[in-house]
Amino acid sequence: MHVKRRALTTALIAYAFLAPALVLMGLFTFYPVIYGAFLGFTDYTIADLAAKEPPRWVGFANFAQVLGDPLFQTGVWNSLKYLLVVPVLQVAALAVAVLVNQKLPLMGLFRTSYYVPVVTSIALAAVMWDWIFQKDGFLNWSLRLLHLINWEGRFSWLLNEHTALWAIMLVTFWRGFGYYMVLYLAGLQSIPAELEEAAVLDGAGAWQRFWRITVPLMKPTLLLCSLLSTIAAIRVLEEIIVFTGGSGGPLNSTYTALLYVYNKSWGNMLDANFGVAGAAGLLIALVGFALSYLNFYLTREERGGRA
Amino acid sequence: MVKKLLAAGMLGLGLLGLGGMAQQRTVEIEFWTYYLSPNFDNYIKGVIADFEKANPTVKVKWVDKQDTMERDLTAAIALGKAPDVVNLWQDSTFAAAQNGLLTPLTELTTQAALENAYYPNVLSIFTVDGKPYGYPWYGWVDQGVMMYNPELLAKAGVDPNGIKTTDDLLAASEKIKKATGAYGWLPPVKDPNGASFLGRFFLEGLSIYDAQGKANFNSAAHVALLQKYVDLMKADVIPQELLRKEAFQLTNELYSQGKVAIMIGGPQSLNRVKESNPDLYKKTKVVAAPLGAAKLQTGGAMDLVIPKASTKKREAALFASFMTSRANQVKFANVVPIVSTARGSENDPNLRPKDPNDPIEVAKGMVSGSGRFINPGFKPPKNTDDIFKNFNDNIEAAFLGRKSAKQALDDAVTFWNANAK
């Protein structure tokens, strides 16, 4: 009985500590999410807000409208393409984390320089990348130097519908790389050195140590990083707005799913349709959930069965 | 005892009430501007001080909004804390009025007084379904004046005085590009806001829609005009970057670097040149701008609106009229080269150039009193955002060679007529 009461007290204290954060999250995260989801099932525009009319329940009408809108379909397709940045980003960040984890001179400098893009403002990054991708920009100039392109046929990377999305994905890669590298580095440094040493004594090569020790022990970090970058990729918006002025051009080749939501609400606030934006947002959230589940599934721990 | 306490309480409340009545005489209104701080703090604060002096019972709280203006306005209205006077512009006034967010001005100021105070052409920009919704404030003209780099023009053998029409300008641009490698003039063909190419049609005297509001910008003449610009971009006489960036911004950027020879617009275009390349600024010459076949000057203006949710509309109207009065607009034109939209400004002695050798002063003298020529072009259709997006997508497809000019315009007309609610 005494033990039970003590457990209860401990639980209450824990809840008391959690309460302030929970209240704040409830107010600023859960409530807006639930209300936004609710709006997806209603007809509610800026005119209703002005006239103080409540949202009117319309069931799945907005979802039908959104799913039938070719612009939303284009947006979802482009967002899915954007996911390709995730594996590349994760493999590169992990590989470089392994490299900068070596005890060699100047490693601190390397770690810092890889992290610089993370703290660079998007506005500044946009100016630089804009110049790199221009028709007469740094990228084409470098490719000519390497005899990889025909100079007469050069084009602006952001104005060609076949390259614009990839160009912007490269910026996302550049911005996210240092962030994930640091997370992986922290994970690597938590692996006990004795394990590596024992493996070396047993005659394991570098490749074997990487696959048999590093990767299994890094699974939680791998899951975290791939989850974070998947969610970030499916929700990409900032880069698109900065590089295309919010148009998603050329020819809608960079029009992403979240840009659709943005343009139906915040982007054109005085003409906003919150119902349609809510429905589109909910659909994107569902895709996000599905992908997160996939991430968990792929990195799941195998339990039991093994001696 | 209880009764005594109650009586004392009542007395206290009564006194508070009286105190409140005395306080009530001062009303505070909230005034939102768009991107005016910190550059114009002195001017705005000066006008507010003058207003408060003339109206001691009204206090003005000034807030400058930037990127988030429209969001903040909607949020403030939703929260029941609407500002009283807000600086909007044509498209935003149109959208806000249509969605019932604004007060029709005739509820506060008579139509006659409005017509007396502002140029009718500018007042009509802010008239939605027959009702005026914005007190016209500072304006601009898209054509305004022609500012040019005389060295580049001389190198190309182009006589600036021979450029009288848009066709002359495009021909000059071809010569300049060939001879110097610099661009001549950068026309707005697909600015991120609005539907710029419709403006090109309008300036050349081509129709946008018929009397019933049905879009009809796909005649042979329209197709030929679009094709002409498509060919110019293909030949790199006008840069492809115009599909991604606002022409005004790109012109400003490249003119200062000596990569563009001609700027068409208001004198405000010169402010950045003055800052980033003072030598080029001193060399820059100013002449009257060439016009399209329709001989029109398009342009626009900012306005001051009063949200329907404002609780101090009378004071708000008083302040908005004061801020947009001729005296205050002319003062503003002397701080920064804007076009005054107050009636009679063309004869105001305070709008003459002070230094005939300073390019901004010369340009200011030529345009700041030209508010009566501001032509808003055509009224945007309802469901503006979707229709303009589709129009721009089609124009872009034509420029990128993915659709013929005819196909692009046919598709845009079809979408417009199916979706303009």
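Colleague: Leaving aside neighbours within four places in sequence, which residues is B:Val85 in contact with?

Modeller: B:Val85 is in contact with B:Ile29, B:Phe31, B:Leu304, B:Ile306, B:Ala316, B:Phe319 and B:Ala320, once its neighbours within four places in sequence are set aside. Two residues are in contact if their C-beta atoms, placed from the backbone, lie within 7 Å. Please note that this is a predicted model, in which local features need pLDDT of at least 70 and side-chain atom pairs count only at pLDDT 80 or more, while totals for chains, interfaces and linings use all residues. Residues are numbered from 1 along each chain as its sequence is written, and chains are lettered from A and ligands numbered from 1 in the order in which they are written.

Colleague: Which residues touch the most other members of the largest nonpolar core?

Modeller: B:Val85 is one of them, together with A:Ala280, B:Phe319, B:Ala320 and B:Ala363, in a core of 180 residues. A nonpolar core is a set of buried Ala, Val, Leu, Ile, Met, Phe, Trp, Tyr and Cys residues joined through C-beta atoms within 7 Å. A residue is buried if 20 or more other C-beta atoms lie within 10 Å of its own, exposed if 12 or fewer, and partly exposed in between, with C-beta atoms placed from the backbone.

Colleague: Which helix gives the largest share of this core?

Modeller: Helix H9 (residues 164-189) of chain A does, with twelve residues. Helices (H or I, at least four residues) and strands (E, at least two) are DSSP runs, numbered from the N terminus.

Colleague: Let us turn to chain B. How many helices and strands are there in it?

Modeller: Chain B has 18 helices and ten strands. Its C-alpha atoms fill a box of roughly 100 × 55 × 35 Å, taken along the principal axes. Of the 421 residues in chain B, 47% are buried.

Colleague: And how many residues of chain B are in contact with chain A?

Modeller: There are 25 residues of chain B in contact with 22 residues of chain A. On the chain B side, helix H3 (69-78), helix H4 (90-98) and helix H17 (384-399) are the elements that give two or more residues. H17(B) provides the largest share, six residues. By class, this side has nine nonpolar, seven polar and nine charged residues. Here Ala, Val, Leu, Ile, Met, Phe, Trp, Tyr, Cys and Pro count as nonpolar, Asp, Glu, Lys and Arg as charged, and the others, Gly among them, as polar.

Colleague: At what angle do helix H3 and helix H15 of chain A pack?

Modeller: Helix H3 (residues 61-68) and helix H15 (residues 274-298) of chain A pack at about 70 degrees, with their axes 9 Å apart. Axes are lines fitted to C-alpha atoms, for helices over the stretch in contact, and angles run from 0 to 180 degrees between N-to-C directions. H3(A) is therefore roughly perpendicular to H15(A), a term for angles of 65 to 115 degrees.

Colleague: Which residues make that contact?

Modeller: H3(A) contributes A:Asn62, A:Phe63, A:Gln65 and A:Val66, and H15(A) contributes A:Gly275, A:Val276, A:Ala279, A:Ala280 and A:Leu283. They divide into six nonpolar, three polar and no charged residues.

Colleague: What about B:Leu225, buried or exposed?

Modeller: B:Leu225 is buried, with 23 other C-beta atoms within 10 Å. B:Leu225 is in helix H10 (residues 220-234) of chain B. Leaving aside neighbours within four places in sequence, B:Leu225 is in contact with B:Arg200, B:Phe201, B:Glu204 and B:Leu206.

Colleague: One last topic, the backbone. Which peptide bonds are cis?

Modeller: Among them is the bond from A:Gly249 to A:Pro250, with omega near 0 degrees. A:Pro250 lies in the loop between helix H13 (238-244) and helix H14 (257-264) of chain A. The bond from B:Ser37 to B:Pro38 is also cis, with omega near 5 degrees. B:Pro38 is in the loop between strand S1 (27-34) and helix H2 (41-54) of chain B.

How values were computed. Angles under 35 degrees count as roughly parallel, over 145 as roughly antiparallel, 65 to 115 as roughly perpendicular and the rest as oblique.
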